[in-house]
Amino acid sequence: MRKIVETGPSVIFILFFLTGLYLKMNGQSWVNSFVIGITGLSVYSFVIIMVEGLASGMRMGKHLDFSSKVFYTLHVSLWIFSTTLAIYLMAHN
């Protein structure tokens, strides 16, 4: 249950990101929701990886179960994607 609660804000930031892309396709004001989505994914994914890593690191000797592996894979891939996209957009605009 804790991992579902921790993944909730990531889903919200993904929705902000997709809303920004949808608004751009329709020619409306899209920059604010797009930036909130990208920045939120970059910052939140990094912070939640660190917090969850510290919490799981305190449980010495316990191996990661399947849900933890999925959780880390999801958030590391979101962090890499959003940070790479943000750097690309900053460098080319």
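**The first helix and its partners**

Mentor: The buried residues of α1 pack against α2 and α3, the latter covering residues 66-92. Here a helix is a DSSP run of H or I with at least four residues, a strand is a run of E with at least two, and both are numbered from the N terminus. Buried means under 20% relative accessible area, exposed over 50%, and partly exposed in between, with a 1.4 Å probe and protein chains only. The model is predicted, so local features need pLDDT of at least 70 and side-chain atom pairs count only at pLDDT 80 or more, whereas totals for chains, interfaces and linings use all residues. Residues are numbered from 1 along each chain as its sequence is written, and side-chain values use heavy atoms, with hydrogens and water left out.

The setting comes first. The protein chain has 3 helices and 0 strands, in the order α-α-α from the N terminus. Its C-alpha atoms fill a box of roughly 55 × 30 × 15 Å along the principal axes. Of its 93 residues, 28% are buried.

Now to α1 itself. Helix α1 comprises the 24 residues 2-25; these should span 34 Å at 1.5 Å a residue, and the 36 Å between its end C-alpha atoms agrees with that. The expected span is 1.5 Å times one less than the number of residues. A kink of about 25° lies at G8, shortly before the proline P9; the bend at a residue is the angle between axes fitted to the seven residues ending there and the seven starting there. Just after α1, G27 has a positive phi of about 75°. The residues of α1 that count as buried are K3, E6, T7, S10, F17, G20 and L23.

The next helix, α2, has 27 residues and reaches 38 Å from first to last C-alpha, close to the 39 Å expected at 1.5 Å a residue. Helices α1 and α2 pack at an angle of about 160°, with their axes 7 Å apart. That makes the two helices roughly antiparallel. Axes are lines fitted to C-alpha atoms, for helices over the stretch in contact, and angles run from 0 to 180 degrees between N-to-C directions. Angles under 35 degrees count as roughly parallel, over 145 as roughly antiparallel, 65 to 115 as roughly perpendicular and the rest as oblique. The crossing of α1 and α2 is left-handed, a term used when the near helix is turned anticlockwise from the far one by less than a right angle; clockwise gives right-handed.

Two residues illustrate this packing. F13 belongs to α1 and, leaving out residues up to four places away in sequence, touches I36, G37, G40, L41 and Y44; contact means heavy atoms within 4.5 Å. The C-alpha atoms of F13 and L41 are 6.0 Å apart, although 28 residues separate the two along the chain. Beyond its neighbours within four places in sequence, F34 contacts F16, F17, G20, L21, L85 and L89.

Helices α2 and α3 pack at about 145°, with axes 8 Å apart, and their crossing is left-handed. What covers the buried residues of α2 includes α1 and α3.
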